[in-house]
Amino acid sequence: MNSTLYPSFPPACPAPAPARRARAAWRAVACLLCAPLPACAAQPAGTAQSAYATVSPYAAHDDAVHALFASSLPDPVGQLQPLAQYRGKVTVVNFWASWCAPCVKEMPALSGLQRRYADKGVHFVGIGVDSARNISQFLSKVTIGYPIYVAGFGGADLARQFGNQAGGLPFTVVIDKAGHVRYSKLGEIDVARLSMELDAL
């Protein structure tokens, strides 16, 4: 595996054997889905859908947005940060993990978009579905141009509330100023497509 895109990190704190097996199984599934393949890979035959989704601004994910903005997550140094600071702002939320190669690959593009849209009031947020230790060690080697928060493996549950029933990574959601999900993408982002969605807001 490419050591530049997918660096090796020490394991997180040991968990009981059953938990380690469950985590390994979850990672195996997520890694299959985190590859830049269509999201329909997890759908039954004949029900394939695009990994891109332009969502109605009044779709059913408002509860997920409310839960996100009502929560606080630790930053990489362990300080709790209220996500309510993003309420009322266009926010791009990217669920990722240090062990997910496509997640790491798209980070420079996301950082570039953060710089491009900063003057337009668009905020980018990375939510790590990973351990605090892995994220801290990753960020000691890689510079990211937007805030990163640590959700642990519970971050996958939050991603599912936003419609990512497959639980794959990376997963990106665009939330408008009114708190509605306008766009979501399972898999590596397409910069042109995400830019088009942001320009429309």
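1. Let's start with the aromatic rings. The model, which is a predicted one, contains 4 aromatic pairs. To count as a pair, rings of Phe, Tyr and Trp (its six-membered ring) must have their centres within 6.5 Å; planes under 30 degrees apart are called stacked, over 60 edge-to-face, and the rest tilted. Take Phe95 and Phe162: the ring centres are 6.2 Å apart and the planes sit at 55°, so this pair is tilted. The pair joins distant parts of the chain, with Phe95 in strand β4 and Phe162 in the loop between α5 (155-161) and β7 (171-175), 67 residues apart. Phe95 is buried at 0% relative accessibility, and Phe162 is buried at 2%. (Buried means under 20% relative accessible area, exposed over 50%, and partly exposed in between, using a 1.4 Å probe and protein chains only.)

2. Next up is another tilted pair, Trp96 with Phe138, at 5.3 Å centre to centre and 45° between the planes. Here too distant parts of the chain are linked: Trp96 belongs to strand β4 and Phe138 to helix α4 (residues 132-139), 42 residues apart. Trp96 is buried at 0% relative accessibility, and Phe138 is buried at 1%. Ring pairs also connect Phe95, Phe162 and Phe171 into a cluster.

3. A word on the ground rules. Residues are numbered from 1 along each chain as its sequence is written. As the model is predicted, local features need pLDDT of at least 70 and side-chain atom pairs count only at pLDDT 80 or more, while totals for chains, interfaces and linings use all residues; side-chain values use heavy atoms, with hydrogens and water left out.

4. Now the overall layout. How many helices and strands does the protein have? There are 6 helices and 8 strands, where helices (H or I, at least four residues) and strands (E, at least two) are DSSP runs numbered from the N terminus. Along the sequence, the pattern reads α-β-α-β-β-β-α-β-α-β-α-β-β-α. Of the 201 residues, 44% count as buried.

5. Have a look at strand β4 (residues 90-96) and its partners. β4 pairs with β5 (residues 122-128) in the parallel sense over 7 bridges; two strands pair if DSSP finds at least two bridges between them. β4 also runs antiparallel to β7, joined by 5 bridges. On the β5 side, Val92 stands opposite Phe124, and on the β7 side, Asn94 stands opposite Thr172.

6. Leaving aside neighbours within four places in sequence, Val92 is in contact (heavy atoms within 4.5 Å) with Val122, His123, Phe124, Val125, Thr172, Val173, Val174 and Leu198. Val92 and Val122 are 30 residues apart in sequence, yet 7.5 Å apart in space, C-alpha to C-alpha. Across the protein, 70% of the contacts with a separation of 6 or more are between residues 24 or more positions apart.

7. Follow the chain from β4 to β5. β4, helix α3 (residues 101-117) and β5 form a right-handed β-α-β unit; right-handed means that, with the strands pointing away from the viewer, the path from the first strand over the helix to the second runs clockwise. In β5, 6 of the 7 residues are buried. β5 also pairs with β6 (residues 148-150) in the parallel sense over 3 bridges, and there Gly128 stands opposite Val150.

8. Is Lys120 buried or exposed? Lys120 is exposed, at 58% relative accessibility. This lysine lies in the loop between α3 and β5.

9. β7 pairs with β8 (residues 181-186) in the antiparallel sense over 5 bridges, with Phe171 opposite Leu186. The hairpin of β7 and β8 has 5 residues between the strands, and Gly179 takes a positive phi near 85° there.

10. Last, the cysteines. How many disulfides turn up in a search of the whole structure? The search finds 0, with a disulfide taken as a pair of cysteine sulfur atoms within 2.5 Å. Cys100 is buried, at a relative accessible area of 0%, and Cys103 is buried at 0%.
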